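Me: I would like to go through this model term by term, asking what stands behind each word. Please set each value against its definition before concluding.

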Amino acid sequence: MASMRDIKRRKGSIQSTQQITKAMKLVSTVKLQRAKQRAEQSKAYFNCMYETVASMLAKAGGLNHPYLKTGDSDKKAVIVITSNRGLAGGYNSNVVKLVTRGGFKKEDLEIYAIGRKGKDTLQRYGYTIKYENADIIEEPSYVDAMEISRRLLQSFAEGEIGEIYLAYTGFKNTVVHEPTLLKLLPVEAPESAAQKQETGSKAMMNFEPEDDEALDMIIPKYVTSLIYGGLVEACASENGARMQAMDSATTNAEEMIDHLSLMYNRARQGSITQELTEIIAGANAIS
Amino acid sequence: MADDNRNFMLKIITPDRVFYEEEVSMVEFNTVEGEVGIYKDHIPMTMIIAPGILTITRGDEVKEAALHAGFTEVLPDKVTILAEIIEWPSEIDVGRAEEAKARAEERIRENAPGTDLARAELALKRAVARIESVRE
């Protein structure tokens, strides 16, 4: 049996770890509130954007626009949104798994990494990192999303890449986060929207300028908004995941401390009993 | 002007917030095809926005904002503007806008190889819109 001093030391160390996990949990709770609010505020924009693009595509059904078909190149760009710091449970590895098990060929992929963790892992696996930016995820801004989408669309227009994907963690609610792999380009017409259009719930929409040009201008905005949405949701999910991980870490620490306290008390009682036995035995021997 | 029936719903949304949501009588802004003014019962239309000043008329009250990019969906009784960037005059830093204007003009004048002229022009238009919306 471990000595009393060993148990005490171990208990102390677990207690200080618990204090750290507790503090981290509080911090991520606060951050989560903020990120969640942001994600909710930007929802209105995306829903509207989505509906507009969907109705446009439904109308422009047979249009032969470059943004609507796969490029000539076999290369595929994947934007991978992860966090800069760990201790968030399976958050980062789940996103990385989307890429490694997504049925892509390693040589065909170009990774646009946002967040250090995903970049490090994918680099170690031997993927090509085309672009990286770790700071964006701390404080996602629309301007950052614009910059990334501009780069990607340029490569797409120049025929360097044929498809663009976005790998991020969708934020459903505080406890449910879904790693999601989304195809940004070529744009696929969402089916539900097309059906809605058929039932005639919406008046016929006119476009100014005409379809082709309008697509030219709206698709980049659509892609940007999806990237921004990904960033904001990933940020909320990261903090949510960290909050959960830290919560269970705190609970586990509590359990360990309870167990160690019991062991410590037993050891102390054991030593007292032993001492008494020795004294009594000694006294008996004298008399 | 007190005719409430001529009002329609104007909603301006940015990625970060709902910028404006109010019943208004008229809204004017720039599109890539030119300046437009919209009253109630406009035909359904989607337009792409060009940098310029957005003017909201509500009864006798007139409000302005600098609108830089985005697009708008017009329906007979509702107008939704999806703005990528939009600012009230009070949020604009005139000094910075002046600097940006000078920088953009410089770039266009020099027209050095490798300059993205379309981007410089867009930057210039944005700066001008900002400055004008504060002046007025």
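**Contacts, cores and domains**

Reply: Leaving out residues up to four places away in sequence, Val80(A) touches Val95(A), Val99(A), Ile111(A), Tyr112(A), Ala113(A), Ile114(A), Gly118(A), Leu122(A) and Ala167(A), where contact means that the C-beta atoms of two residues, placed from the backbone, lie within 7 Å. This is a predicted model, in which local features need pLDDT of at least 70 and side-chain atom pairs count only at pLDDT 80 or more, while totals for chains, interfaces and linings use all residues. Residues are numbered from 1 along each chain as its sequence is written, and chains are lettered from A and ligands numbered from 1 in the order in which they are written.

Me: What makes the set with Val78(A), Ile79(A), Val80(A), Ile81(A), Ala167(A) and Leu231(A) a nonpolar core?

Reply: A nonpolar core is a set of buried Ala, Val, Leu, Ile, Met, Phe, Trp, Tyr and Cys residues joined through C-beta atoms within 7 Å, and buried means that 20 or more other C-beta atoms lie within 10 Å of a residue's own (12 or fewer is exposed, in between partly exposed). The largest such set has 88 residues, and the six named have the most contacts inside it. Helix H6 (residues 211–286) of chain A gives the most to this core, with 17 residues; helices (H or I, at least four residues) and strands (E, at least two) are DSSP runs, numbered from the N terminus. A second, separate core of five residues includes Ala104(B), Ala123(B), Leu124(B) and Ala127(B).

Me: How do you know that the buried residues of H2(A) line one face of the helix?

Reply: In helix H2 (residues 91–100) of chain A, the buried residues are Tyr91(A), Asn92(A), Val95(A), Val96(A), Leu98(A) and Val99(A). Viewed down the axis of H2(A), they fall within an arc of 145 degrees, so they line one face, the arc being that of the directions from the helix axis to the C-beta atoms.

Me: What is known of the two domains of chain B, and which strand supplies the largest share of the side of domain 1 that touches domain 2?

Reply: The bounds, which come from an automatic or database domain assignment, are 4–89 for domain 1 and 92–135 for domain 2 of chain B. Their centres, taken over C-alpha atoms, are separated by 24 Å, and nine residues of domain 1 are in contact with nine residues of domain 2. On the side of domain 1 that touches domain 2, strands S6 (52–58) and S7 (61–75) of chain B each supply at least two residues, and S7(B) supplies the largest share, four residues.
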